[in-house]
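Work through the exercises below with the sequence and the 3D structure at hand. Try each task before reading its solution.

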Amino acid sequence: MPEQILQVSDLTIRFGGLVAVDGVSFSVPQGGITGLIGPNGAGKTTIFNAVTGFLAPTGGRILFAGQDVTRRKPHELAALGLARTFQHTSLFPDLTVRQNVWTAMHLALPETFWQVLATPPRRHPDGEQRVQEILDLLELAERADQAASSLPYGEQRKLEIALALAVKPRLLLLDEPAAGMNPEEAQRLTETIQQLRRLGLTILLVEHNMRLVMGVCDYIHVIEHGRKIAEGAPSQVAHDPKVIEVYLGRRGTNA
Ligand SMILES: Nc1ncnc2c1ncn2[C@@H]1O[C@H](COP(=O)(O)OP(=O)(O)O)[C@@H](O)[C@H]1O
Ligand SMILES: [Mg+2]
């Protein structure tokens, strides 16, 4: 059995009267790609927000690498090796692609944003090399000197992954990384995610693109209305009557 890098037990999150997440438990084994799927509003992003410290859960416990991290702050979790992308873009639009990655890398250090920008790259020689490695990995090297806002949408989404990688995470949480991508971009992203796994990263993936989810995940948890309704290997989940009902019963709202 591989080590469970993340263990979420009985997680509950209320917003006033709304129970957005209702007693959800799941684990993420080290080195694998675990999927979290479900219709819009199921509670997936809320679970991400709790796991990454952006939201204090109402109840339950979160263990990261065996350590209780429930209610830790986002920067503390990032320092422990937990990084995420956002469902909505979180780039620095006016900075170049390279400056974006550089800044994300140094925001993890105890320097201010302005100190980071004022620091010439040669003062951090290995940092510069790491930025280049990340840009190569995500096929963004040719865009390095362009403003982030000038990139096509699919590449902006890849730059978000680059920013998350800049903090050298052990566990990467991706929230709908293929949203808005065309099929070709989504296929390239699938290959990139597989490459990240080969490099030793553990991934927790929220995604609506079923081809991507079924193609990369080892194991999938299905959430509906804040509750887990199914889990298993992709082929198992794809044939689960409850899952088929949730997806086909709402044809058109999710794909
Ligand atoms: N900050 C918030 N305040 C109130 N309700 C919220 C908040 N964030 C999410 N919700 C609600 O919680 C539910 C789950 O949302 P979310 O986690 O974004 O779903 P998903 O990511 O699965 O589409 C939805 O009903 C949503 O409207
Ligand atoms: Mg969401």
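Two strands count as paired if DSSP finds at least two bridges between them. The model used here is predicted.

**Exercise 1. The open sheet**

Task: Determine how strand 1 and strand 2 pair and over how many bridges, then find which strands stand at the edges of their sheet.

Solution.
- Step 1. Strand 1 covers residues 4-15, and its pairing with strand 2 is antiparallel, over nine bridges. With the cut-off of at least two bridges, this counts as a pair.
- Step 2. To find a position in this pairing, take Thr12, which has Asp22 of strand 2 opposite.
- Step 3. The open sheet has four strands, in the order 2-1-4-5, and the pairing is antiparallel. The edges are taken by strand 2 (18-29) and strand 5 (67-68); each has a single partner strand, so one side of each has no neighbour in the sheet.

**Exercise 2. Helix 1**

Task: Where does helix 1 lie relative to the strands, and is helix 1 enclosed or open?

Solution.
- Step 1. Helix 1 is made of residues 44-51 and lies across strand 1, strand 2 and strand 4 (59-64). The angle between helix 1 and strand 1 is about 115°.
- Step 2. A residue is buried if 20 or more other C-beta atoms lie within 10 Å of its own. The buried residues of helix 1 are Lys44, Thr45, Thr46, Ile47, Phe48, Asn49, Ala50 and Val51.
- Step 3. Because eight of the eight residues are buried, helix 1 is largely enclosed by the rest of the structure.
- Step 4. After helix 1 comes Gly53, with a positive phi near 85°.

**Exercise 3. The shell around ligand 1**

Task: Which residues surround ligand 1, and which element gives the most to the shell?

Solution.
- Step 1. The residues around ligand 1 are Phe15, Leu18, Ala20, Gly38, Asn40, Gly41, Ala42, Gly43, Lys44, Thr45 and Thr46.
- Step 2. Sorted by class, the shell holds four nonpolar residues, six polar ones and one charged one.
- Step 3. At least two residues of the shell come from strand 2, and at least two from helix 1. Helix 1 gives the most, with three residues.

**Exercise 4. Strand 3 and its partners**

Task: Which residues of strand 3 are buried on each side, and to which strands is strand 3 joined?

Solution.
- Step 1. Strand 3 spans residues 33-37, and five of its five residues are buried.
- Step 2. In a regular strand the side chains alternate between the two faces of the sheet.
- Step 3. On one side of strand 3 are Ile33, Gly35 and Ile37, and on the other are Thr34 and Leu36; all are buried, and both faces are covered.
- Step 4. Strand 3 runs parallel to strand 8 (residues 202-206), with four bridges between them. In this pairing Gly35 is opposite Leu205.
- Step 5. Strand 3 also runs parallel to strand 9 (residues 219-224), again joined by four bridges. Here Thr34 is opposite Tyr219.

**Exercise 5. A hairpin and a loop residue**

Task: Describe how strand 9 and strand 10 are connected, then explain why Cys217 counts as buried.

Solution.
- Step 1. Strand 10 covers residues 227-232; five bridges join strand 9 to strand 10, and the two run antiparallel. Glu224 has Arg227 of strand 10 opposite.
- Step 2. The two strands form a hairpin with two residues between them, and His225 in the turn has a positive phi of about 45°.
- Step 3. Cys217 sits in the loop between helix 8 (210-216) and strand 9. Cys217 counts as buried because it has 23 C-beta neighbours inside 10 Å.
- Step 4. Beyond its neighbours within four places in sequence, Cys217 contacts Ile33, Thr34, Gly35, Leu205 and Pro234. Ile33 is 184 residues from Cys217 in sequence, but their C-alpha atoms are 4.9 Å apart.

**Exercise 6. The chain as a whole**

Task: How many helices and strands does the chain have, and what share of its residues is buried?

Solution.
- Step 1. The chain has 10 helices and 10 strands.
- Step 2. Of its 255 residues, 39% are buried.
- Step 3. Taking contacts between residues at least 6 apart in sequence, 66% join residues at least 24 apart.

How values were computed: Residues numbered from 1 in each chain as written. Chains lettered and ligands numbered in written order. Predicted model: local features only at pLDDT ≥ 70, side-chain atom pairs only at ≥ 80, totals over all residues. Contact = placed C-beta atoms within 7 Å. Axes fitted to C-alpha atoms, helices over the stretch in contact; angles between N-to-C directions. Near = placed C-beta within 6 Å. Nonpolar A, V, L, I, M, F, W, Y, C, P; charged D, E, K, R; others polar. Buried ≥ 20, exposed ≤ 12 C-beta atoms within 10 Å, placed from the backbone.
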